[in-house]
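Biologist: Let us go through the contacts and ask what backs each label.

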Amino acid sequence: MSGRLTVVGLGPGGDRFLTPEAREALEGAEALYGYGPYIDRIPVREGQARNPSGNRVEGTRAQTALAQAAEGAHVAMVSGGDPGVFAMAAAVCGEIEVGPEAWRTLDLRIVPGITAMLAVAAKAGAPLGHDFCAISLSDNLKPWEVIEQRLDAAATGGFVIAFYNPISTARPWQLGQAFARLGRHLSPDTPVIFGRAVGRDDEAITVTALEKAGDTPADMATLIIVGSPETRVIPRDGKAPLVYTPRMAATVNA
Ligand code: SAH
């Protein structure tokens, strides 16, 4: 049997976000690899090996999975959300680029999933209705100065901005600094959406304004969407407000 490595997106949480293609890939795998909490979301199947690992070992995890697939096994590597968004698909590609020649001809499949940004946006309305971008606020893999440059460019470019990896115990100040940086370019009443644990039982959505965003709690399970100058909030009696960015941009940035 020739080997295969399938990189599978599990969606933001809960079975109902798993695509039929992802489900099929998980069912057909002899071995699973991934960050422990993602492996925990997959039902145990007889005869299927589970190889959970920590969140700082992406390179070695990718190498091990590639090596097993190269020996002929059907291997699945799992990521939360989409595997190509700040996740394992790029780590696998990185190892293929520098690894043995044989890895280049492996049967590699990447199965998309619903990324956190889309799940949070859908809960709040349609904040991504016009041009948007995504920035990871983690400065583990890039210098903070690069993040600040990108925040300036995104805000002055009129983009709605999604923040992945907004804060952690090891990175306590970056989120506040990012809001302050955006405040140089954006109005204090710019809408900001906090989506926590979307798709899970403890899901929470909060809509606030940029000037108050620093007071809203966030953690590593939170995705934040900062509106553009076009983004609007519609208050609704007895319901959460609807946040949307119109399809047509009304202003030209000076
Ligand atoms: N590949 C993932 C993102 C990995 S980076 C995806 O496509 O969604 C991890 C970050 O994703 C977290 O810090 C958080 O910002 C966001 N995230 C992942 N799952 C989430 C969820 N269920 N609710 C809100 N944010 C989530």
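Modeller: This is a predicted model. In it, D107 and R4 form a salt bridge, with their closest N and O atoms 3.2 Å apart.

Biologist: Why is the pair D107 and R4 called a salt bridge?
Modeller: The closest N and O atoms are 3.2 Å apart. The cut-off between a side-chain nitrogen of Arg and a carboxyl oxygen of Asp is 4 Å, so the pair qualifies. Side chains of opposite charge can pair when their charged atoms come close.

Biologist: What makes this a link between distant parts of the chain?
Modeller: D107 lies in strand β5 (residues 107-111), and R4 lies in strand β1 (residues 4-9). They are 103 residues apart.

Biologist: How many salt bridges does the structure hold?
Modeller: Eight.

Biologist: Which polar backbone atoms lie 3.4 Å and 3.1 Å from the ligand?
Modeller: One belongs to A197, 3.4 Å from a ligand nitrogen. Another belongs to N165, 3.1 Å from a ligand oxygen.

Biologist: How much of the ligand does the protein cover?
Modeller: On its own the ligand has 540 Å² of accessible area, and the protein covers 93% of that. The ligand sits in the largest pocket.

How values were computed. Residues numbered from 1 in each chain as written. Predicted model: local features only at pLDDT ≥ 70, side-chain atom pairs only at ≥ 80, totals over all residues. Heavy atoms only, no water. Polar contact = N/O pair within 3.5 Å; in protein donor to acceptor, adjacent residues only side chain to side chain. Areas by Shrake-Rupley, 256 points an atom, 1.4 Å probe, with all protein chains shown as cover. 1 Å grid on protein atoms, 1.4 Å probe; cavity = no way out; pocket = protein on both sides within 12 Å on 5 of 7 lines; lining within 4 Å. Sits in = over half its atoms within 2 Å of the grid points. Helix = DSSP H or I, 4+ residues; strand = E, 2+ residues; numbered from the N terminus.
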